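The following exercises concern one structure and are each followed by a worked solution. Please consult the sequence and the coordinates while working through them.

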Amino acid sequence: MADRIDVTEALKDLPLWGAHGGDRPAIVRNLAFADFNAAFGFMTRVALLADKVDHHPEWSNVYNRVEVLLTTHDAGGVTDRDIRMARFIDEAAGAMGAK
Ligand SMILES: C[C@H](O)[C@H](O)[C@H]1CNC2=NC(N)=NC(=O)C2=N1
């Protein structure tokens with residue numbers, strides 16, 4: 001099992017992410033795209049990697065907006081797996097022209 005890492009520390013390198021204020025440690029990012037097509041294109045890119053690495057975002061989509069939450073279930077908090085996924089999400093978001 002991956003080790004939990006300190007969320008505040010991890011967020012220093014992820015300026016577009018915030019700490020989730022809910023029941024378990026998690027990081028969150030809200031994204032906005034030009035339209036639904038761009039948002040879903042972004043989600044498709046992320047989904048393909050997520051399934052490959054067996055680490056899946058908890059997310060929701062409304063038209064051009066996507067809310068993403070990352071946490072590691074069996075660690076009960078944030079691990080390097082979430083940080084790697086967050087970095088990939090930032091890249092994919094940039095490639096799809098996230099606002
Ligand atoms: C059984 C399966 O490997 C686990 O449930 C995987 C799947 N996807 C996952 N995704 C995320 N974000 N966190 C996990 O801990 C996780 N675990």
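**Exercise 1.** What covers the buried residues of α2?

**Solution.** The model is predicted, so local features need pLDDT of at least 70, side-chain atom pairs count only at pLDDT 80 or more, and totals for chains, interfaces and linings use all residues. Residues are numbered from 1 along each chain as its sequence is written.

Step 1. Helices (H or I, at least four residues) and strands (E, at least two) are DSSP runs, numbered from the N terminus.

Step 2. A residue is buried if 20 or more other C-beta atoms, placed from the backbone, lie within 10 Å of its own, exposed if 12 or fewer, and partly exposed in between. In α2, the buried residues are A39, F42, M43 and V46. They lie on the same side of α2, because their arc around the axis (directions from the helix axis to the C-beta atoms) is only 95°.

Step 3. The cover of these buried residues includes β3 (58-62), β4 (65-70) and α3 (80-95), with contact meaning C-beta atoms, placed from the backbone, within 7 Å.

Step 4. On the face turned away from the buried side of α2 are the exposed residues N37, T44, L48, D51 and K52.

**Exercise 2.** Determine which residues surround the ligand, and classify them.

**Solution.** Step 1. A residue is near a molecule or strand if its C-beta atom, placed from the backbone, lies within 6 Å of it. Around the ligand are D54, H55, H56, L70, T71, T72, H73 and D74.

Step 1. By class, this shell holds 1 nonpolar, 5 polar and 2 charged residues (nonpolar: Ala, Val, Leu, Ile, Met, Phe, Trp, Tyr, Cys and Pro; charged: Asp, Glu, Lys and Arg; polar: the others, Gly among them).

Note on methods
Two residues are in contact if their C-beta atoms, placed from the backbone, lie within 7 Å.
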